[in-house]
Structure formats: structure tokens, C-alpha cells
Amino acid sequence: MMPNMSEIVSLADAVKQLVHDGDTVALEGFTHLIPTAAGQEIIRQRRRELTLVRMTPDIVYDQMIGAGCARKLVFSWGGNPGVGSLHRFRDAVENQWPAPLEIEEHSHAGMANRYVAGASGLPFAVLRGYLGTDLAAVTDTIKPIVCPFTGERLTAVAALNPDVSIIHAQRADRRGNVQLWGLLGVQKEAVLAARRSLVTVEEVVDELTPVPGAIVLPSWVVTAVAVAPGGAHPSYAQDYSARDNAYYAAWDAISRDRDAFTRWLSEHVHAPTGSPA
């Protein structure tokens, strides 16, 4: 049984209680506030058969795929931003190592609208963006639809309702209200669409003071909050940490080689200290 939604829990306990084998799990965050610490805790707890959902899977999903957590990836772009490919992702698709990986590809607009539909309690969203592409022919969650008012041919995308959505934010108060700001993606929609949600934060404060452009997720939409300073590393958390560009560059060599990746996993995720790289 999960604790009261306003209670602050440890990251290990939150993952243990919220993320189960076979779940559909979304870790969202765009350029910054990427919940890397949560992803590595999922690896540490050896979750399996996950359907991983993310608009822009980058190195945290490369790590999770390489660690054998995933059976499927639902996404709209994948890569090591500013560097190149995700080599653990490629190895899983091309060589089924460490396990076969099913993929479901969308456009950015399609993924965003799927979250919005899920958050709105609707079965699907409608957009024009897929016309002229071949994605509908290979993706079951994309279907043609005709507007009942104009007769225009459009595209419907099925709603996304993850079993659990995980995001990172700057802070929460002691009642479990969460505040995040800066360059945002679909974190709000992912949380609202999910059956359960976990937010890792840089700190817990007594009161959330106003910040220009900030959004607040009220405690009643957040299942659990876990304090994880630096939990977005190597991405950044505006006003708290800088992007670790060297990490992204170093990851390319680590991820290209299975043995190098296995050593990294043992030393930096499964090590007794549990210290992430």
C-alpha cells in the first residue's frame, strides 16, 4: 500500500512500490530535468519486461535498455543529444542484446497529443501531422479518421496512460506539491495521464515561492515524491546544476562496447555504494 500522497519517501522505496515488472513506464523531461537517478534505480532493482515511453529517449533509456529492463520502446526520437546514436538501443534492435526490443515510433506532435488525450480522459487525439508519412502503416496506435463536420481526412492517435510516469523537478513542499520551471516538455501531461506518478526533486522546502514561468503539480496528482539532489545528472536542473557535456561525450565510447557497458553498469549502478556515474 502506497503512503499518503503528501508523504516524502526514499527513491528506492518509491521505485519498489510504484514500478512493477511488465509496467508501462514514462520518464519524461526535455533537455533538462531528465529523471536519470530514477531510471538508474529501476535498473538497480532489476525491473524487467517494461514498456518504456519517452518522447526523446536519450542515455537514461540507453542504460535501461542495455541493462535488460525493456521489452518495448514507444518514442518519437532517440539519440545521445549532440553526440550521436544510442548504441545499447541499436544493439537491442539489431542484435537482440541483451533481449529483443520492440519499437513503436511516432512524431513529436503525435506523442505529445497522446499524453494530452490520456491526461484529458479521452480515448484518442486528432492531428494532421502524419499525412504523407508511412508511420500509420507500421504503427497500430495511428489510424486515419474523417472529420464528421468537414469531411477532412485526419489522423487519430491512441491515448497514452502509463502505469507510472516519473519526472524530476526543482522542488516540492512538505505537503507534496511539486514546482518545476525552465525548459519544460510534457511532464505535466505525463503525470496527469498516468495511473501512478513519482517525482524526484532537488529539495523539499517549507513553501513554494513564485518563480516566473513555473508550473505546480498539486499533491493530489502526485503519488510519491523522493528527494534526489542531482537526480537529473548529466542533464541539468535550472538554477540547481549545469549540464555535464563530458558525460554525454564519454557515454558514446562506453555504450559502443558490451563489455565496457557491463563494467560501467557494475561499477556505477550495481556497486554497493550505488553511486551513479
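Strand S9 and strand S10 (residues 178-180) pair in the antiparallel sense over two bridges; strands (E, at least two residues) and helices (H or I, at least four) are DSSP runs numbered from the N terminus, and two strands pair if DSSP finds at least two bridges between them. Within this pairing, Arg171 has Gln179 of S10 as its bridge partner. Four residues lie between the strands of the S9 and S10 hairpin, where Gly176 takes a positive phi near 95°.

The model is predicted: local features need pLDDT of at least 70, side-chain atom pairs count only at pLDDT 80 or more, and totals for chains, interfaces and linings use all residues. Residues are numbered from 1 along each chain as its sequence is written, and side-chain values use heavy atoms, with hydrogens and water left out.

| Partner of S9 | Sense | Bridges | Opposite residues |
|---|---|---|---|
| S2 (residues 24-27) | parallel | three | Ala26 and Ser165 |
| S11 (residues 196-205) | parallel | nine | His168 and Thr200 |

In S9 (residues 164-173), 10 of the 10 residues are buried, so the strand is largely enclosed by the rest of the structure. Buried denotes under 20% relative accessible area, exposed over 50%, and partly exposed in between (1.4 Å probe, protein chains only).

A nonpolar core is a set of buried Ala, Val, Leu, Ile, Met, Phe, Trp, Tyr and Cys residues joined through side-chain atoms within 4.5 Å. The largest has 41 residues, of which Val19, Val25, Ile42, Leu52, Met64, Ile166 and Leu198 touch the most other members. Helix H3 (residues 59-66) gives the most to this core, with five residues. Apart from this core lies another of 15 residues, including Ala169, Ala172, Val199 and Leu217.

Leaving aside residues up to four places away in sequence, Leu52 touches Val25, Tyr61, Met64, Ile65, Ala70, Lys72, Leu73 and Val74 (contact means heavy atoms within 4.5 Å).

Helix H2 (residues 36-44) packs with H3 at an angle of about 0°, their axes being 10 Å apart. H2 is therefore roughly parallel to H3, a description that applies to angles under 35 degrees. Axes are lines fitted to C-alpha atoms, for helices over the stretch in contact, and angles run from 0 to 180 degrees between N-to-C directions. Thr36, Gly39, Gln40, Ile42 and Ile43 of H2 make the contact with Val60, Gln63 and Met64 of H3.

Note on methods:
Parallel < 35°, antiparallel > 145°, perpendicular 65-115°, else oblique.
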